[in-house]
Amino acid sequence: MKAEELIIAGRPFRSRLFTGTGKFSSVEMMEKAILSTESELVTVALKRVESKLSSDKLLKSLTYPHIHLLPNTSGARTAKEAILAAELSREAFETNWLKLEIHPDPKYLLPDSEETIEAAKELSKRGFIILPYINADPVACKKLEEAGCAAVMPLGSPIGSNNGLQTKAMLEIIISQSSVPVIVDAGIGVPSHASEAMEMGASAVLVNTAIAVASDPVKMAHAFKLAVEAGRLAYESGPGSKNVFAEASSPFTAFLDEVEN
Amino acid sequence: MSFKEIFDSFSWKETSRQIYSKTATDVLKAINKTGKLDLEDFKALISPAASPFLEQMAVKSHALTTKRFGRTMQMYVPMYLSNECQNICTYCGFSLGNKIHRLTLSDKQILQEAQAIKSLGYDHILLVTGEANKTVGVDYLSNAVKLLRPYFSNIAIEVQPLESDEYRMLVDAGVSTVLVYQETYCEEDYKKHHPKGKKSNFSYRLATPERIGVTGMAKIGLGVLLGLEDWRVDSFFTALHLTYLEKNFWKTKYSISFPRLRPAEGFIEPKVVMSDRELTQLICAYRLFDPEVELSLSTRESRKFRNSIIKLGITSISAGSKTNPGGYSVAKDSLEQFEIDDDRSPSEIAQMISAAGYEPVWKDWEKILQ
């Protein structure tokens, strides 16, 4: 397997670990942890930043040449709200890039597939580079790809649950069918979950809660960096297939060698 | 099915008996459960039997809160718009019978108060009034909200119960959250505490969250006045109410507040005194029962208590609060609805929060998200 560069919407990324900025104990801690991940794509919730962006502490702390900020529409419950939030983000952040996130259910924060697809179609027409957060639903992912999204971001398990790849079977299908990068987002709780996603062939993973709420976020960030690299290297190395059963010493078809002339 | 129909199938006395019958086994089962807890588990966690296990509950509550909310604390502040009130409530400084100076802020006064509050750093505000529908009705409220909308990202209200179409008007004006406390779910004794005025109608008040829910309101806050009746039984019914609302209005966020009976003009003694330990137990019980619900603590509580409780399940707190209309600038010395115990300024509280390893969050809303 040849090593491929990760390219999204024409932009190369050296790191396949994307990160979020929520739940940290302080802006300073968030900055240190994100630098420790060497992540080049960092999501920021529009609802958390001050309207005067130049004075926003969080944004200032992430002003590094290698970091590309990705505003997200977290808080939007409908396509309409998400589109409004997107336009606001574009103006405020001066970027066409957008993480489309629509969760009407504030308890489990699961994405509304219907509203997300509708919003993606409209935002694509308006020239946005869309990375949509979506359920691990292969059909929804193909529809988002067809709508013009630059990638798809199916969830491993609910946001903040740290439950890992509960949707593994669906993720495998999505990865096999997708023509755009697949970024596993939400529910990655420990570095081994991230490795697992990368070994499956995911293009990247997004991690927020697992790093932010660790006792030592900076160390955990470094662990995730290593895990993502390891998982990707493993994928590129073409691992041997897992055997369900041991190979028999007298295979079932050995008799054919004896009977054929 | 309305909540009243479900509520009527429960008996206060029988519920009380069940709570007090819970054993250590019941409590441990609830604490160690890996899946979702149910109302029986909640009864165990708020029972006297849970008291020896408070440390274990606190450890779990801290972990669940951190996972869901991160190491953050939402800052909000109340602005009292009016202390006019047509109700008699035995525990409240604004009660109809109390001879106090009544004030309803004018537009100019509202804006003056807003400036004072903005200078404290706030972006999330809670507008509070008494219950005087004729003079401080939905038109007054709608106007106040529109005046304040340019200044605050998130506007919550705690006012008299309204009709759905009135709540819709307020959503359009810019309200995202409504807090409405039942005060007590003990229907039999409710009228003793609320003998006069529209508030004396128990069922009407009980149905308020449903009237709010149908409007698609983003957040609804529930609570009881702890100490009015047995807080354990009252909290069970709050949790029952929460469960009903989450199922029927699944797009809405919920929060629980913990007003504990405090001295006020014309005060009454709490019927059941709730200790700090018991309040801690209740907060932890809610967190274990519902990892996603927001838990809010006001400045009614002491410094010492608030300093420690922020790690145990609370997700939003107020600071530097004034519970009298005009308290921030216009009429600083007028009578407060209840006495504040923690009178530290917002910046002092923010420092305390940072020192505890949490980030004080001033803004977590965008106006277009309604």
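Colleague: How do the residues of the lining of the largest cavity divide into nonpolar, polar and charged?

Modeller: The lining of the largest cavity has 21 nonpolar, 12 polar and eight charged residues. (Ala, Val, Leu, Ile, Met, Phe, Trp, Tyr, Cys and Pro count as nonpolar; Asp, Glu, Lys and Arg as charged; the others, Gly among them, as polar.) This is a predicted model: local features need pLDDT of at least 70, side-chain atom pairs count only at pLDDT 80 or more, and totals for chains, interfaces and linings use all residues. Residues are numbered from 1 along each chain as its sequence is written, chains are lettered from A in the order in which they are written, and side-chain values use heavy atoms, without hydrogens or water.

The whole structure holds four cavities of 30 Å³ or more. The largest cavity has a volume of about 630 Å³. Its lining is made of 41 residues, and Y80(B), E158(B), Y181(B), R300(B) and Q337(B) are the closest to its centre. Three elements of chain B each give two or more residues to this lining: strand 1 (72–80), strand 2 (124–128) and strand 7 (294–297). Strand 1 of chain B has the largest share, with three residues. (On a 1 Å grid over the protein atoms alone, a cavity is a set of points where a 1.4 Å probe fits but cannot get out; a pocket is an open set with protein on both sides within 12 Å along at least five of seven lines; lining residues have an atom within 4 Å of a point.)

Now to an open space. The second largest pocket contains about 720 Å³. It is lined by 30 residues. R48(A), E50(A), D56(A), W362(B) and K363(B) lie nearest the centre of this pocket. Chain A brings helix 1 (27–37) and helix 2 (57–61), and chain B brings strand 9 (359–361); each supplies at least two lining residues. The largest share, three residues, belongs to strand 9 of chain B. This pocket lining counts 11 nonpolar, seven polar and 12 charged residues.

Next, the two chains together. Contact joins 29 residues of chain B to 32 residues of chain A (heavy atoms within 4.5 Å). About 2,500 Å² is buried between chain B and chain A, and carbon and sulfur atoms give 51% of that area. Five salt bridges run between these chains (a side-chain nitrogen of Lys or Arg within 4 Å of a carboxyl oxygen of Asp or Glu). The side chains of K107(A) and D290(B) form a salt bridge at 2.7 Å, N to O. On the side of chain B that touches chain A, helix 5 (54–69) and strand 9 of chain B each supply at least two residues. Helix 5 of chain B gives the largest share, four residues. This side of chain B is made up of nine nonpolar, seven polar and 13 charged residues.

Finally, salt bridges over all chains. The whole structure has 39 of them. One pairs the side chains of E40(A) and R14(A) at 2.7 Å, N to O. It links distant parts of the chain, 26 residues apart. E40(A) sits in the loop between helix 1 and strand 4 (41–45) of chain A, while R14(A) is in the loop between strand 2 (11–13) and strand 3 (17–20) of chain A.

Notes:
Points joined across faces, edges and corners; volume = space filled by probe spheres on them. Buried area = accessible area lost by both parts, 1.4 Å probe.
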